[in-house]
Amino acid sequence: MMSQTIWHITYKLVEGASVQEYLAASEQVNREIISKQKGFVSWQVLTNGDGWIDLVTWETLEDAKNAETAGAENPVSAKYYSLIDMHSCRMTNCTIEKSY
């Protein structure tokens, strides 16, 4: 059995971006693009006040890798990414080894 994979993405918002605006943009990207990709399971958006973490779960590592460029030319994605400080963005694909 293949293990699920999680995108672990850390980032900060650009100066001046509101939390409400960002969450609305992430919800739209999820609804229109990410959730429609093969193998999508869930997307959690976390914050510690200053920084943000996205945990996006995929059925397989292959599904996660195939979805990395989903919506790259879509204006919905452009709006979403315009709110993220891309210099602060770090992404790792993590395979779930065990869940309790």
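**Burial, core and pocket**

Modeller: In this predicted model, Thr57 counts as buried because its relative accessibility is 10%, under the 20% limit.

Colleague: Which element holds Thr57?

Modeller: Thr57 has its place in strand 3.

Colleague: And what does Thr57 touch, not counting residues up to four places away in sequence?

Modeller: On that basis, Thr57 touches Gln4, Thr5 and Ile6, and also Gly39, Phe40, Val41 and Ser42.

Colleague: Turning to the largest nonpolar core, how many residues has it?

Modeller: The largest nonpolar core has 22 residues, and those with the most contacts inside it are Trp7, Tyr11, Tyr22, Ile34, Trp58 and Tyr80. At least two residues of this core come from each of strand 1, helix 1 (19-32), strand 2 (40-47), strand 3, helix 2 (61-67) and helix 3.

Colleague: Which element gives the most to this core?

Modeller: Strand 1 does, with four residues.

Colleague: What is Tyr11 in contact with, leaving aside its neighbours within four places in sequence?

Modeller: The contacts of Tyr11 include Tyr22, Val45, Trp52, Ile53, Tyr80 and Cys89.

Colleague: Now the largest pocket: how much space lies in it?

Modeller: About 360 Å³. The lining of this pocket is formed by 20 residues, of which Trp7, Ile9, Glu68, Tyr81 and Met91 are the closest to its centre.

Colleague: Which element gives the most to that lining?

Modeller: Strand 4 gives the most, with four residues.

Colleague: What is the lining like by class?

Modeller: The lining of the largest pocket has 16 nonpolar, two polar and two charged residues.

Methods. Residues numbered from 1 in each chain as written. Predicted model: local features only at pLDDT ≥ 70, side-chain atom pairs only at ≥ 80, totals over all residues. Heavy atoms only, no water. 1 Å grid on protein atoms, 1.4 Å probe; cavity = no way out; pocket = protein on both sides within 12 Å on 5 of 7 lines; lining within 4 Å. Points joined across faces, edges and corners; volume = space filled by probe spheres on them. Nonpolar A, V, L, I, M, F, W, Y, C, P; charged D, E, K, R; others polar. Core = buried A, V, L, I, M, F, W, Y, C linked by side-chain atoms within 4.5 Å. Buried < 20%, exposed > 50% of the residue type's maximum accessible area, 1.4 Å probe, protein only. Contact = heavy atoms within 4.5 Å.
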